[in-house]
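This briefing concerns one protein model and is meant to be read beside its sequence and structure. Please keep both in view while going through the points.

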Amino acid sequence: QSILKKQMSISETVEEYLETLWISEENGEKIAHLTWVAEHLGVAAPSALEMLKKLEKEGLVVYKVRQGIELTEKGRKIARRIIRAHRLTEVLMKETLKTDICEETVCGLEHHLDEEFMDALCMLLKHPTKCPHGHPIPRGKCCP
């Protein structure tokens with residue numbers, strides 16, 4: 001397990017919310033809208049709001065009523081790790097294993113890869129900068 005997960009005991013659900021907020025930022029939205037987050041995760045808006053308020057108490061997001069949600073630095077670190085794991089796994093499946101990308105498998109694995117494993121995978125894959133979908137892969141300590 002990664003140091004972050006051990007220290008904070010972050011659930012996969014929490015990681016999915018943080019990953020969604022990262023994607024919203026990548027899409028150019030500094031502040032994610034509650035309805036978009038709920039739709040992206042396939043949950044009801046009241047459920048998303050309840051979870052986001054919990055994440056705010058944990059210091060992972062800032063929730064601004066009637067404006068939206070943004071990641072804190074603490075939340076961004078976790079989201080970055082999940083995004084990196086997700087996208088490196090996609091590259092592994094598509095480029096190295098020559099298989100179709102199975103999002104269910106990718107989403108299952110992303111929560112369990114620690115920094116050491118991701119750096120080893122990144123080196124094996126020759127430090128890819130983009131996933132097969134063209135999204136940037138956050139750099140690791142291993143990257144030149």
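Helix 3 and helix 4 are roughly perpendicular to each other, a term for angles of 65 to 115 degrees, whereas under 35 is roughly parallel, over 145 roughly antiparallel and the rest oblique. The model is predicted, so local features need pLDDT of at least 70 and side-chain atom pairs count only at pLDDT 80 or more, while totals for chains, interfaces and linings use all residues. Residues are numbered from 1 along each chain as its sequence is written, and side-chain values use heavy atoms, with hydrogens and water left out.

**Helix 3 with helix 4**

- The two helices pack at an angle of about 105 degrees, with their axes 9 Å apart.
- Axes are lines fitted to C-alpha atoms, for helices over the stretch in contact, and angles run from 0 to 180 degrees between N-to-C directions.
- Helices (H or I, at least four residues) and strands (E, at least two) are DSSP runs, numbered from the N terminus.
- Leu34, Val37 and Ala38 of helix 3 meet Ala45, Ala48, Leu49 and Leu52 of helix 4, where contact means heavy atoms within 4.5 Å.
- By class, this contact of helix 3 with helix 4 has 7 nonpolar, no polar and no charged residues.
- Ala, Val, Leu, Ile, Met, Phe, Trp, Tyr, Cys and Pro count as nonpolar, Asp, Glu, Lys and Arg as charged, and the others, Gly among them, as polar.

**Helix 2 with helix 3**

- The axes of helix 2 (residues 12-26) and helix 3 (residues 34-41) come within 10 Å and cross at roughly 120 degrees.
- That angle makes helix 2 oblique to helix 3.
- On the helix 2 side the contact is made by Glu16, Tyr17, Thr20, Leu21, Ile23 and Ser24, and on the helix 3 side by Trp36, Val37, His40 and Leu41.
- The contact of helix 2 with helix 3 comprises 6 nonpolar, 3 polar and 1 charged residues.

- Arginine 76 lies in helix 5 (residues 73-96) and counts as buried because its relative accessibility is 18%; buried means under 20% relative accessible area, exposed over 50% and partly exposed in between (1.4 Å probe, protein chains only).
- Apart from residues up to four places away in sequence, arginine 76 touches Trp22, Glu25 and Leu71.
- Glutamate 56 belongs to helix 4 (residues 45-57) and, at 32% relative accessibility, counts as partly exposed.
- With neighbours within four places in sequence set aside, glutamate 56 is in contact with Val61, Val62 and Tyr63.
- Between the C-alpha atoms of glutamate 56 and proline 138 there are 24 Å, and the two residues are 82 residues apart along the chain.

**Cysteines**

- The structure holds 0 disulfides, a disulfide being a pair of cysteine sulfur atoms within 2.5 Å.
- Cysteine 102 is in no disulfide, and the nearest cysteine sulfur, that of cysteine 107, is 8.9 Å away.
- For cysteine 107, that distance of 8.9 Å to the closest cysteine sulfur is too far for a bond.
- Cysteine 102 is partly exposed at 33% relative accessibility, and cysteine 107 is partly exposed at 26%.

**Positive phi values**

- Arginine 66 is not a glycine, yet it has a positive phi of about 65 degrees.
- Arginine 66 sits in the loop between strand 1 (61-64) and strand 2 (68-71) and is exposed, with a relative accessible area of 81%.
- Histidine 127, also a residue other than glycine, has a positive phi near 55 degrees.
- Histidine 127 is placed in the segment after helix 7 (115-124) and is buried, with a relative accessible area of 18%.
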